[in-house]
Amino acid sequence: MSIVLVRIRERRIEAQDVVSLVLECGDGAELPPWQAGAHIDLKISDDVVRQYSLCSLPAQRDCWRLGVLRQPEGRGGSEAVFALAEGALVEVSAPRNNFALVEAQRYLFVAGGIGITPVLPMIHAADTAGADWRLVYGGRSRKAMAFTQELAGYGDRVELLPEDERGLIDLAAALAWCDDNTLVYACGPEAMLHAIETAMIDHAAALHLERFTPKAQGEGLADEPFEVEFVASGLTRTVPAGTSILSVAEQEGLPVFSSCEQGTCGTCVTAIVSGRADHRDSLLSQAERESNEQLCICVSRAEPGAGPLRLDL
C-alpha cells in the first residue's frame with residue numbers, strides 16, 4: 001500500500017467539535033488522484049490509524065481536505081487528530097473508494113453530522129454534470145453542522161435540519177422526492193443508515209451507504225474454528241474461535257494490509273477462490289455478499305459447515 005508524507009497546511013474549526021485539515025506534499029508535488037466518495041488512512045502514530053473521507057475537490061491536486069469530528073468517548077483517534085498543529089507532518093495512504101458516485105439523472109443525498117464530508121465532493125460532481133439533485137443534511141444543532149456556509153451557494157437544493165430546531169430527518173418525506181431514476185447516497189449515524197436501509201428494502205439497488213462505525217450484526221453469531229487455505233502462499237491453517245483470518249495471515253507473515261479492523265474501511269478485502277464466507281463486515285452490499293467473490297478478513301469468517309475457505313493470499 002502506497003504511503004504519502006504530507007504536511008498540514010491549514011487547520012480550521014468548521015463547527016462545534018469539527019475541525020478541517022488541509023494537507024499538502026512538503027515538496028509541492030501533486031497528490032494522487034481520487035474521485036468523490038474516496039477516503040484515506042491518516043497515520044497519527046504507530047498505534048493510531050484512522051480513516052477520513054476526502055471533502056475537497058478531486059481537481060485540487062495540490063491539497064486534500066479532511067473533516068474530523070471530535071469523539072471524546074471514542075478510541076482516542078479523533079483526540080489525537082485535534083492535537084495536530086499546522087505544519088505537522090503525517091503519513092497518509094493513497095485514496096480508496098468504497099462509496100463511488102455512479103452516474104445517474106437524479107440523486108438524493110442524505111447526510112447526518114460528520115457524514116457530510118464524503119457528500120461535499122459528490123454534490124459538486126452532480127451539479128457540474130447537470131444532474132438533478134437534493135441534499136438533506138441533519139445535525140444536533142446549527143453550530144454543530146460543518147460546512148454550512150459552503151453549502152449555502154447551492155440554494156434551495158440543500159435542506160438543513162438542525163435537530164434542536166426541526167427534529168430528526170423525516171426520511172419518508174425525503175425519499176418521497178425519489179423516482180425510478182434516483183440514486184440515494186447516505187452517510188451518517190448508524191441509526192439513520194439503518195432506517196434508510198429499512199425504508200428502501202425494496203429498492204436496495206438504488207441505495208449507497210458509507211459507514212464510519214461497524215453495523216450491528218445481531219446476537220448469537222456462530223464463532224467456531226475453521227480451515228483457511230492461503231492459495232497463493234500454499235499454506236493451510238486453522239482459524240481458532242475468537243481469532244480473525246487477518247490475525248492468522250499476519251502471524252504467517254503473509255502480505256496483508258489492514259486499518260480499521262472493524263469491517264468498515266475495505267483495506268483488507270480479499271478475493272475468495274472457493275468456499276463460502278460468513279460476512280460480518282459493514283462494507284459490502286447485499287449483492288456483493290451474495291456473489292461470494294470477496295470478504296473482509298478482519299471480521300468475516302467461513303460459513304459454518306460449508307467446508308474450507310480458500311483465499312487468494
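Helices here are DSSP runs of H or I with at least four residues, strands are runs of E with at least two, and both are numbered from the N terminus.

A word on the source. This is a predicted model, in which local features need pLDDT of at least 70, side-chain atom pairs count only at pLDDT 80 or more, and totals for chains, interfaces and linings use all residues. Residues are numbered from 1 along each chain as its sequence is written, and side-chain values use heavy atoms, with hydrogens and water left out.

Which residues of α2 are buried? They are Ile-116, Thr-117, Pro-118, Val-119, Leu-120, Pro-121, Met-122, Ile-123 and Ala-126. Buried means under 20% relative accessible area, exposed over 50%, and partly exposed in between, with a 1.4 Å probe and protein chains only. These buried residues pack against β4, β5, β7, β8, α3 and β10, contact being heavy atoms within 4.5 Å.

Next, the loops. Phe-147 sits between β8 (132-139) and α3 (148-151). Its phi is positive, near 65°, and Phe-147 is buried at 3% relative accessibility.

Asn-292 lies in the loop between α8 (286-291) and β16 (294-296). Phi of Asn-292 is also positive, near 55°, and Asn-292 is buried, at 11%. Most residues other than glycine have a negative phi.
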